[in-house]
Amino acid sequence: YMVHSLREWLTRKQKETRRGRAELRLFDASVTWNSKPENRFLPSLPEWLSIRTLTDSKRWTDPQRAMMRSAGKLHGLKWGGGLVALLLIGLGIQSWASAERWKNQKEQTRVAVASLQNNLGPSIPFNIKELRKLPQKLVLGELTKRFELEENPRHKLALALALADFGRVKAEYF
């Protein structure tokens, strides 16, 4: 009759510390999992982490090692797959945002060059200053395209001035 009382007393003493509670969880999970080795009987991630950190793995029995190894693989696959999925979603969003930004810059460039082309006189330097804020590759492409297509000499002059400001002075004006 003393064995039962002693076992209760030892278990109660073990429950008083975090390490003792982790050892008890390891023992219970190991008994359950080894009787029926299914993933649903493996310790959850917080339990697995607390068992890993609070118990001495050298003192684990072989069935406990097997259970902890299986739980580690399971949690590694779950969390690794989740992180990879999250990374792929992030890359997709970043790619989409970059494409949208490029599209918006293209539209801004088109509108700014159209404004330059249609304005005359003293507003041209201000329009060119606004063009400097946009990507040079886009601006030069749009300026060159409109310069080649423009028939009106007054509009072509504004485009020629902008091209000269961007370093493209070898353009046929007439």
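1. Ser 50 sits in helix 3, residues 45-54 (helices are DSSP runs of H or I with at least four residues, numbered from the N terminus). Its side chain and that of Arg 25 are joined by a polar contact of 2.8 Å. A polar contact is a pair of N or O atoms within 3.5 Å; within protein, one must be able to donate a hydrogen and the other to accept it, and residues adjacent in sequence count only if both atoms are side-chain atoms. Setting aside neighbours within four places in sequence, Ser 50 is in contact with Ala 22, Arg 25 and Thr 55 (contact means heavy atoms within 4.5 Å).

2. A word on what you are looking at: this is a predicted model, in which local features need pLDDT of at least 70 and side-chain atom pairs count only at pLDDT 80 or more, while totals for chains, interfaces and linings use all residues. Residues are numbered from 1 along each chain as its sequence is written, and side-chain values use heavy atoms, with hydrogens and water left out.

3. Two other residues of helix 3 are worth a look. Glu 47 lies in helix 3 and is partly exposed, with a relative accessible area of 33%. Its side chain reaches the backbone nitrogen of Ser 44 at 3.0 Å. Glu 47 and Ala 22 are 25 residues apart along the chain, and their C-alpha atoms are separated by 7.8 Å. Leu 49, also in helix 3, is partly exposed at 43%. From Leu 49 to Gln 117 there are 68 residues in sequence and 67 Å in space, C-alpha to C-alpha.

4. How do helix 2 and helix 4 pack? Helix 2 (residues 18-35) meets helix 4 at an angle of about 85°, with the axes 9 Å apart. Axes are lines fitted to C-alpha atoms, for helices over the stretch in contact, and angles run from 0 to 180 degrees between N-to-C directions. Helix 2 is therefore roughly perpendicular to helix 4 (under 35 degrees counts as roughly parallel, over 145 as roughly antiparallel, 65 to 115 as roughly perpendicular, and the rest as oblique). Helix 2 contributes Leu 26, Phe 27, Ala 29, Ser 30, Trp 33 and Asn 34, while helix 4 contributes Pro 63, Gln 64, Ala 66, Met 67, Met 68 and Ser 70. The residues of this contact divide into eight nonpolar, four polar and no charged. Here Ala, Val, Leu, Ile, Met, Phe, Trp, Tyr, Cys and Pro count as nonpolar, Asp, Glu, Lys and Arg as charged, and the others, Gly among them, as polar.

5. Trp 33 belongs to helix 2 and counts as buried at 11% relative accessibility. A polar atom of the Trp 33 side chain lies 3.4 Å from the backbone oxygen of Glu 38.

6. Now follow helix 4 (residues 62-118) to helix 7 (residues 153-165): these two pack at about 125°, with axes 7 Å apart. That angle makes helix 4 oblique to helix 7. Val 113, Leu 116, Gln 117 and Asn 118 of helix 4 meet His 155, Ala 158, Leu 159 and Ala 162 of helix 7. The contact residues are five nonpolar, three polar and no charged. The side chain of His 155 reaches the backbone oxygen of Gln 117 at 3.1 Å and makes a polar contact of 3.4 Å with the side chain of Asn 118.

7. Which residues have the most contacts inside the largest nonpolar core? That core has 16 residues, and the ones with the most contacts inside it are Leu 116, Leu 131, Val 139, Leu 143, Leu 159, Ala 162 and Phe 166. A nonpolar core is a set of buried Ala, Val, Leu, Ile, Met, Phe, Trp, Tyr and Cys residues joined through side-chain atoms within 4.5 Å. Helix 4, helix 5 (124-131), helix 6 (136-149) and helix 7 each give two or more residues to this core. Apart from it lies another core of eleven residues, among them Leu 26, Ala 29, Met 67 and Ala 71.

Methods. Buried < 20%, exposed > 50% of the residue type's maximum accessible area, 1.4 Å probe, protein only.
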